[in-house]
Amino acid sequence: MVKLGITSENLQEIYSDPYISVVAHDDRPFEPITHQLVKYVSAFIDGEFMGAFMVVQFSKTEIEIHSLLKKSAIKYSRLLGNEVIHFVFNMYKPLRITAHIIGGLNKAMNYVEKLGFSLEGIRRDGCVKNSKTTDIYTYGLTKKQWEKR
């Protein structure tokens, strides 16, 4: 189950989790983002907190989504991913959802592809991770794609 919002304790839990921190990069601290366009959607299985998704309302037509799921959520990740996609398309009514993934995070790329996202492009040298320049892969899922599945 996914629901809009997150407790401060759960937010601290995901940002201090070494498994989740692999998405961090050198350009900014790995810490919660407080901004009017950023919302967190908590993920639960049988009442147990599994992590969250960060949802960024980039524009009226586009939502960015970032997965912050704990290692214990792996076996439920597709279920939770599908739930948050459904939630985003129904709540925000965007034309598309975008996911940006740092190069080398092959499991994350595989995850979004299995959720129906398509690779749309690569921003070469888009960030620095562990003092090395790294590409950022941009994936997209349109409302039309989602409805056809």
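Strands β5 and β7 run antiparallel and are joined by seven bridges. Helices (H or I, at least four residues) and strands (E, at least two) are taken here as DSSP runs, numbered from the N terminus, and two strands pair if DSSP finds at least two bridges between them. One of the residues involved is T98, whose bridge partner in β7 is G140. The model is a predicted one, in which local features need pLDDT of at least 70 and side-chain atom pairs count only at pLDDT 80 or more, while totals for chains, interfaces and linings use all residues. Residues are numbered from 1 along each chain as its sequence is written, and side-chain values use heavy atoms, with hydrogens and water left out.

Now for the sheet as a whole. Seven strands make up an open sheet with mixed pairing, in the order β1-β2-β3-β4-β5-β7-β6. At its edges sit β1 (2-4) and β6, each of which pairs on one side only. On average, neighbouring strands are turned by 30° against each other, direction ignored; axes are lines fitted to C-alpha atoms, for helices over the stretch in contact, and angles run from 0 to 180 degrees between N-to-C directions. In general, strands of a sheet pair through backbone hydrogen bonds, either parallel or antiparallel.

Both kinds of pairing turn up around β5. On one side, β4 and β5 run parallel and share three bridges, with R96 in β5 as the bridge partner of E62. Getting from β4 to β5, the chain passes through α2, and this β-α-β crossover is right-handed; that is, with the strands pointing away from the viewer, the path from the first strand over the helix to the second runs clockwise. Further along, β6 and β7 run antiparallel, joined by eight bridges; I122 has Y137 as its bridge partner in β7.

Strand β5 is largely enclosed by the rest of the structure, because six of its seven residues are buried. Buried means under 20% relative accessible area, exposed over 50%, and partly exposed in between (1.4 Å probe, protein chains only). T98 lies in this strand and counts as buried, at 1% relative accessibility. Its side chain makes a polar contact with the side chain of E62 at 2.4 Å. Such a contact is a pair of N or O atoms within 3.5 Å; within protein, one must be able to donate a hydrogen and the other to accept it, and residues adjacent in sequence count only if both atoms are side-chain atoms. Leaving aside neighbours within four places in sequence, T98 is in contact (heavy atoms within 4.5 Å) with E62, I63, E64, I65, F117, T138 and Y139.

What about the helices and the packing? Helix α1 (residues 8-15) lies across β2, β3 and β4 and runs at about 90° to β3. Helix α3 lies across β3, β4, β5 and β7, running at about 165° to β5. The largest nonpolar core holds 33 residues, and V2, F53, I65, L80, I85, V88 and F117 have the most contacts inside it. At least two residues of this core come from each of β2 (38-45), β3 (48-57), β4 (62-69), α2 (77-91), β5 (96-102), α3 (106-114) and β7 (132-142). The most comes from α2, with six residues. A nonpolar core is a set of buried Ala, Val, Leu, Ile, Met, Phe, Trp, Tyr and Cys residues joined through side-chain atoms within 4.5 Å. I65 shows how these pieces meet: beyond its neighbours within four places in sequence, I65 is in contact with F53, M54, V55, V84, V88, I97, T98, A99 and F117. There is also a second, separate core of 12 residues, with L11, F49, M54 and L68 among them.

D125, found in strand β6 (residues 118-129), has a positive phi of about 50° although it is not a glycine, and D125 is exposed, with a relative accessible area of 56%. G116 sits in the loop between α3 and β6 and is partly exposed, at 30% relative accessibility. G116 and G140 are 24 residues apart in sequence and 8.6 Å apart in space, C-alpha to C-alpha. Setting aside neighbours within four places in sequence, G116 is in contact with G140, L141 and Q145.
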